[in-house]
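Please read this report with the sequence and the three-dimensional view side by side.

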Amino acid sequence: MTAARMRYAMVIAAAGIALLFAPAGAFGQEQECPVPERFYAFEPPLTKTAKALAGGREVVIAVLGGASTVGLAAGGPNLAWPARMSSVLAGKFPSARTKVVNLAVARQTAKAAAERFSRDVFPLKPTLVIWETGTMEAVRGTDVDEFRETVQAGINELHTARTEMVLMNMQFSRETDAMIQFGPYLIAMRELADANDVPLFRRHGIMRYWAENDFLDLRSREAEKRRQLAAKLYDCIGHAMADFVTRGVAAAKAASSPGSDR
Amino acid sequence: MSIASSPSAMERDLRIDFFRGLALFCIFIDHLPNNFVAEFTLQSVMFSDAAEVFILISGLTAGLVYGLAMERQGFVIAGVRVYHRVWQLYVAHVFLFMMFIAMVAYTAGALNNSLYAEEFGAANFLDEPGVAVAKALTLQFQPAFMHILPLYIVLLAVLPFVMAGFRSWPRVILFVSFVLWLAVQLDKRIALSVYPGPDGVWPFNPFAWQALFFLGVWLGWRGTAGQVSWLGRRWLFCLALGLSLAGLMIRLNWTLHDFYDPIPVLVSGKLLWMFLSKTDLGLLRFANVLAVALIVARLIHPQARFLVSRVARPFVICGRNSLHIFCLGILLSVLGHLVLNEFFGGIPMQFAVSAAGVAIMISVAALMEWFAAAQGTSRGSALGAPTAGRGVRG
């Protein structure tokens with residue numbers, strides 16, 4: 001079958017590209033769910049996080065988000081992507097002490113999350129805040145301009161508190177894409193990230209890429225199988241996010257010492 | 001607009017049909033998910049997109065047709081004709097909603113049995129079908145892609161009164177319309193809420209978009225009859241040209257930056273966001289569509305040779321049957337969603353789905369034209385907003 005062969009060729013090509021860009025396997029995603037280079041390229045560096053990691057003190061990463069960050073579908077927070085990211089990061093930076101705090105609440109709006117910055121987030125003294133958002137707004141059809149203003153205000157607040165951040169957009173699913181209009185909210189988040197020089201983890205695009213290339217088919221009728229699929233998905237996202245952060249840190253190091261090799 | 005010199009305003013203005021057809025194609029293409037082809041529609045060369053073009057042209061057409069009807073047949077007959085049209089649009093809206101419900105019912109099982117159930121569950125309207133259906137009938141429930149018709153319906157519903165106002169105090173009406181638009185820009189709370197709340201609003205705020213529509217109505221009614229002299233002023237043309245060029249440069253720069261990040265952004269979007277609201281028809285969107293319309297009206301003759309050529313024909317016939325082709329485009333974009341998300345296939349597939357959709361739209365329009373001709377009347381094509389020529393005959 002040409003289609004099967006083509007898909008096979010694409011997998012090989014993707015793996016080839018992943019290898020090409022992975023210096024000594026440092027960033028190599030476990031082949032199960034590779035992330036193409038275009039999702040990492042051109043993202044701004046994580047300067048403060050790089051410094052904190054090198055500094056030796058405890059580095060707190062706070063995560064805000066919705067149900068998919070809580071990890072409900074997989075069965076619990078220890079299988080959620082922040083927990084998975086945490087263990088991968090611990091392996092990547094063995095000399096640093098990282099602590100990931102998952103503050104996600106299912107069905108929380110961007111506005112409700114932003115209101116928690118001063119109350120729940122800043123007391124933790126985080127070096128990095130990962131903000132997963134946009135889902136509730138797309139589901140409810142919140143005014144895109146209002147969403148943009150809310151997130152911009154949140155970015156400003158984090159900026160004032162001198163906390164570094166990463167934005168993360170929505171999940172992709174074949175079932176809902178024709179029902180829920182994600183487009184305008186995805187564009188708004190991309191523009192926000194771009195205009196504020198904030199790294200954007202494009203989960204929607206990455207998950208779409210996985211679905212497109214048959215790395216991860218999340219459809220199943222059995223409840224237990226679905227739970228396992230969710231756990232696998234969150235593991236993949238956790239890995240990808242850990243790579244994303246590692247890349248941001250590496251880029252910051254490269255920028256601070258222009259003479260040295262990356 | 002500045003077609004006072006044309007032999008008679010009664011002749012069909014092909015520009016209206018052509019650009020409405022273009023807008024219909026763009027609306028369809030822009031609605032496909034993650035579509036590469038959408039980088040080449042109207043929105044990549046101006047701040048406005050096909051929605052503004054569609055509403056402005058709808059206003060112009062309504063002004064042409066019902067303005068004439070009001071002068072010849074009186075307020076009551078013209079009013080009844082408007083409400084007949086409103087009824088057609090409403091039926092179309094309900095029809096589209098029916099299709100949407102069918103799709104939701106079909107996919108709901110899959111959604112509830114997915115790991116997204118918790119996150120996207122709030123989008124499952126079948127939880128309370130009674131409320132959802134009733135709210136759709138009152139235009140308060142506007143599922144994905146079903147936003148323009150409700151706007152068009154409410155605008156047409158108040159049209160007879162606005163036109164009666166135009167007849168007596170045109171300046172006052174235009175001023176009030178503009179002030180209402182301005183008020184929305186200053187206070188976002190001037191909006192209509194939608195189901196399922198609590199914080200949803202009409203994706204096209206009627207209090208803002210009315211300004212574009214009614215300006216179109218007035219220009220369609222008075223401007224075409226050569227009664228708006230300042231439309232022909234040279235400084236206005238230069239202003240429009242400058243604005244359009246600025247819009248083109250900035251928007252194109254953003255598109256290129258999206259393609260390849262290292263291409264620097266000339267004007268940061270952050271500075272312009274407040275003027276680019278689609279919901280509230282931000283200043284730049286409003287101004288850009290007017291500027292481009294003025295340039296088009298000045299440079300292209302209503303019966304320009306290009307507009308009767310074979311190349312323009314697909315656009316013209318789709319624009320002429322706009323309501324049907326619009327609804328068809330919405331259905332096709334939903335189907336296109338399903339196809340693209342099931343089979344993916346990258347850019348070639350996106351091109352294929354876009355091209356297939358446009359081809360179906362053209363075929364159906366051609367069929368309608370043929371049927372109308374076969375019936376020996378112009379009734380068939382009157383399904384779009386009636387046009388000037390027909391308005392006179394009818």
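## About the model

This is a predicted model, in which local features need pLDDT of at least 70 and side-chain atom pairs count only at pLDDT 80 or more, while totals for chains, interfaces and linings use all residues. Residues are numbered from 1 along each chain as its sequence is written, and chains are lettered from A and ligands numbered from 1 in the order in which they are written.

## Two helices in chain A

Helices here are DSSP runs of H or I with at least four residues, numbered from the N terminus. In chain A, helix α5 (residues 110-121) packs against helix α7 (residues 144-160) at an angle of about 15°, and their axes are 9 Å apart; such axes are lines fitted to C-alpha atoms over the stretch in contact, with angles from 0 to 180 degrees between N-to-C directions. α5(A) and α7(A) are therefore roughly parallel to each other, a term for angles under 35 degrees, whereas 65 to 115 counts as roughly perpendicular, over 145 as roughly antiparallel and the rest as oblique.

Among the residues of α5(A) that meet α7(A) are Ala114(A) and Phe117(A), and their partners in α7(A) include Phe147(A) and Val151(A); residues are in contact if their C-beta atoms, placed from the backbone, lie within 7 Å.

## Where the chains meet

The contact between the chains takes 37 residues from chain B and 37 residues from chain A. On the side of chain B, the elements giving two or more residues are α2 (50-112), α3 (117-120), α9 (269-272) and α12 (322-343).

## Helix α1 of chain B and its surroundings

Of the 18 residues of α1(B), 17 are buried, so this helix is largely enclosed by the rest of the structure; buried means that 20 or more other C-beta atoms, placed from the backbone, lie within 10 Å of a residue's own, while 12 or fewer means exposed and in between means partly exposed. The axes of α1(B) and α11(B) come within 6 Å and cross at roughly 90°, and the two helices are therefore roughly perpendicular to each other. Residues of α1(B) in this contact include Phe18(B) and Gly21(B), and among those of α11(B) are Phe315(B) and Arg320(B).

Asn321(B) lies in the loop between α11 (313-320) and α12 of chain B, and Asn321(B) counts as buried, with 28 C-beta neighbours inside 10 Å. Although Asn321(B) and Gly21(B) are 300 residues apart in sequence, they are 8.7 Å apart in space, C-alpha to C-alpha.

Methods: Contact = placed C-beta atoms within 7 Å.
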